[in-house]
Amino acid sequence: MTGFDYDDWFDGVLRAPDSSAAYAGETGQEFEAWQKSFRAELRDVLGFPAMRDSAVEDIDPRRRERPEATVRHRSYERQTWSVRTERGFRVPFYLLLPDSVDPPYPVVVALHGHTEHGKDLAAGVAEGEAAGRHITDDRRDMARQAVRRGFAVVAPDMRAFGELSPDTSDDSDSPDAVSACTRWQKRAQLLGRSLVGERVWDVRRLVDFVEGHSALDAGRLAVCGHSGGGTVALLAGALDDRIGHVVACASVCPFEDSIVPIDHCLCNYVPGLRRLGEAWDIAGLVAPRSLRIVAGESDPIFPIAGTRRAFDRIQGRYCAADAEGKCSLFVGDGGHRFFEAGAWPFLRDRL
C-alpha cells in the first residue's frame, strides 16, 4: 500500500499565491503605507495583542547589588540588571560598558541563539567564571566581542534560556523530556502568543531601558543576533524603528528552504507567519535603516542558496524604499556560526 505523500501535498499549499499582505511592488508613499499595514499584521501574528493584556508602563530597571553581579575586566565592566516586561515577569541582562571610549556609548543589543547558558554565552563566561571556566562555542561571545570594540552592550537572557529556562525537573525521568522552547511555545500558543513574539516584546522593552539610561546613546543603537537570536533581531528591527541598525546572523532564509524541509526548534514555527509573508517581507520593514545579513557558506540548517535568494528579494524592497546600499550580505567560510567579520566592521562604520 502506497502511503500519502504529505511533503508533496504541502509543497503545493506552501507555493499557493502569497498573502495579500505581502509586498506587491509598492514604491514611495505606497511602500510606506504597505510597511505600516504589514507591521500591524505582523504584531498580531506574533501575539502582541495577548501580551498587551499584561503590559506594564514602568519597566522598573533594577541593578543587582550582590558583589558577583558587577565584574571588572581589563577593558570593560559587566553589570547585571533586570527590567519588567510584563506583569510579574522580569528579564535579566548584562550591561557591558567599555573603558576605551567616553559615554554616552553607542549600544548593541546582543541576542544569543539556542543555548542553556543564555546571556552567559553572549558574555563569554560560565557560572564558574571565578574559577576561569569560559564558554567559547565557535566564538559566539558576541557581547564580549562588541564591548572590546567600544560598544556598550545589552545582553539579555531570551525566554526559555539561562535564568529564564523553566524548571523541567518534573520531566527528568522521561527519555523524551520536553525542551524548554517546546514547553514554552506550546503554552504560549494556547493564549494566542508565540515564544518568538515574547522575545521580540522583551527586546522592545530593553530599548526603553537604553532610552532611559544616561550613559547609553539611544540615537546610536543596533541589534545583533545569531541563529534564534538573529530571527529575533530581524523581527525586532522590523517592528521598532528606534533600532537604527540590524545584524541578523545564521537566520535569514526562505521558509521553503529551511524551516519547512529541515527540522528546527518549535519556536521557529509561528502560527500564521508564512501565510502573512516571507523572510523578504519581514526584512523589508527594516528599510530604510541599515541591515546586514550574515550567513555561512556551508550552514546546514539555513542553506546559503536560499539566503542568497532571500537577499535578492530584500534588495528589491530596499530599492522601493529608496535605500539601495543600506542592505548587505556577508557570507563567511563556515557553517552555522557567528562571523565577527560580518558584524563588527559593519556596525563600527555606522555607530
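**Entry 1: what I have open.** I am working from a predicted model.

**Entry 2: salt bridges.** How many salt bridges does the structure hold? I got 32. As a reminder to myself, side chains of opposite charge can pair when their charged atoms come close.

- I began with Glu-68 and Arg-66, whose side chains form a salt bridge with an N to O distance of 2.9 Å. Glu-68 is exposed because its relative accessibility of 52% lies over the 50% cut-off. Arg-66, at 47%, counts as partly exposed.
- Next came Glu-77 with Arg-72, where N to O is 3.7 Å. Is Glu-77 buried or exposed? I noted 18% relative accessibility; buried means under 20%, so Glu-77 counts as buried. Its partner Arg-72 is partly exposed at 47%.
- I finished with Arg-220 and Asp-217, which meet at 2.8 Å, N to O. Both ends are partly exposed: Arg-220 has a relative accessibility of 28%, and Asp-217 has 22%.

I also found a network here: Arg-204, Arg-205, Asp-208, Glu-211, Asp-240 and Arg-242 are joined by salt bridges that share partners.

**Entry 3: cis peptide bonds.** Which residues does a cis bond join? I noted Ala-287 and Pro-288, with omega at about 10 degrees. Pro-288 sits in the loop that runs between helix 10 (279-284) and strand 9 (290-296). I have another cis bond written down, from Pro-103 to Pro-104, with omega near 0 degrees. I placed Pro-104 in the loop between strand 4 (89-98) and strand 5 (105-111).

**Entry 4: positive phi.** I looked for positive phi in residues other than glycine and wrote down Asp-60, with phi near 50 degrees. Where is Asp-60 found? I traced Asp-60 to the loop between helix 3 (48-52) and strand 1 (62-63). Its relative accessible area is 22%, so Asp-60 is partly exposed.

Ser-227 went on the page too, as a non-glycine residue with a positive phi near 60 degrees. Its place is the loop between strand 7 (216-226) and helix 8 (228-239). Ser-227 counts as buried because its relative accessibility is 12%, and the cut-off is under 20%.

How values were computed
Residues are numbered from 1 along each chain as its sequence is written. This is a predicted model: local features need pLDDT of at least 70, side-chain atom pairs count only at pLDDT 80 or more; totals for chains, interfaces and linings use all residues. Side-chain values use heavy atoms; hydrogens and water are left out. A salt bridge is a side-chain nitrogen of Lys or Arg within 4 Å of a carboxyl oxygen of Asp or Glu. Buried means under 20% relative accessible area, exposed over 50%, partly exposed in between (1.4 Å probe, protein chains only). Helices (H or I, at least four residues) and strands (E, at least two) are DSSP runs, numbered from the N terminus.
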